[in-house]
Amino acid sequence: FFLDASQPLVVEQVLADQMSATVAEAAFVDTTDPNDLLPDLLPLPPRDLKVEKVEDGRALLYFSTTYYNQGRGTMELRADPATAGIRADIERNVLQRIYQAGGTHREKIVGNFLWHQEHLHYHYTDFITYDLEAVDAPTSEDLSGNLVKSTFCLRDISRVFLDLASSSPEATYKICGKELQGVSVGWGDTYYWNYPDQALDITGLSSGTYKLTFIANPEERLDEVRYDNNTSSALFKLNMEDLTIEVLEEVPSETPEVEHVHLDDPFGM
């Protein structure tokens, strides 16, 4: 069709309609089985970013990680009962239990539980990927070693204020259990910046602009309602001379209010 440039309002309206159609096409459509009460995991952008030099001279980038569940049902992990009671330090198959609307459930093997000596409890393997990349920094920066697959234990430690039909009013998974871990609907788990191993080694990096990205469930082993919302990031300016960080942008820019609940023994077994 032909648009007369003398009719700018018509042109603007057509462009607006095209943009609206594009947004509508990109809108998420849930194609999962509604009988499966699946979780939906979302990571908040990296928070509490700071850089410090430690006693051995290394420069470490510290940050806090929070992910939460806004799905139809809980994210629940159970250790393979075939290995229950074995005292040796072994890798244990871990099952995701997916509850169903009729009161039944199904299970699938999704990885392993590994013993984490620093935290003194079991972690689920490769739960979140941390990816640090240079955005406006010297091109010689080699950050290939700063893509890290991090193990996590899953528990309810942060309440998320969202209007969700299946929200749990109280924390259900309170410790890092060796047989059972999980995240309830309306709850999240937080690894604070001062927890052991909650840092990336950035020794040798130059001052500049960098982006730290989180990807939850990076290999999509865990069944969820959707996977397109499993990524968050923070764009920040790093000053290595003053050891300061200025956050420039967070993605997503809008996030729910979160109340961090410090349990008496979050690292309990």
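Me: What volume does the largest cavity have?
Reply: About 40 Å³, where a cavity is a set of points on a 1 Å grid over the protein atoms alone at which a 1.4 Å probe fits but cannot get out. Points are joined across faces, edges and corners, and the volume is the space filled by probe spheres set on them. This is a predicted model, in which local features need pLDDT of at least 70 and side-chain atom pairs count only at pLDDT 80 or more, while totals for chains, interfaces and linings use all residues. Residues are numbered from 1 along each chain as its sequence is written, and side-chain values use heavy atoms, without hydrogens and water.

Me: Which residues line the largest cavity?
Reply: Tyr-124, Asp-126, Phe-127, Asn-217, Pro-218, Glu-219, Arg-221 and Leu-222, lining residues being those with an atom within 4 Å of a point.

Me: ok, the core. Which members of the largest nonpolar core touch the most others?
Reply: Leu-77, Tyr-124, Leu-132, Ile-202 and Leu-212, out of 36 residues. Such a core is a set of buried Ala, Val, Leu, Ile, Met, Phe, Trp, Tyr and Cys residues joined through side-chain atoms within 4.5 Å; buried is under 20% relative accessible area with a 1.4 Å probe, protein chains only.

Me: Which element gives the largest share?
Reply: β7, with five residues; strands are DSSP runs of E, at least two residues, numbered from the N terminus.

Me: What's in the turn?
Reply: Five residues separate the two strands of this hairpin, and Gly-57 in the turn has a positive phi of about 95 degrees.

Conventions: 1 Å grid on protein atoms, 1.4 Å probe; cavity = no way out; pocket = protein on both sides within 12 Å on 5 of 7 lines; lining within 4 Å. Buried < 20%, exposed > 50% of the residue type's maximum accessible area, 1.4 Å probe, protein only. Helix = DSSP H or I, 4+ residues; strand = E, 2+ residues; numbered from the N terminus. Pairing = 2+ DSSP bridges.
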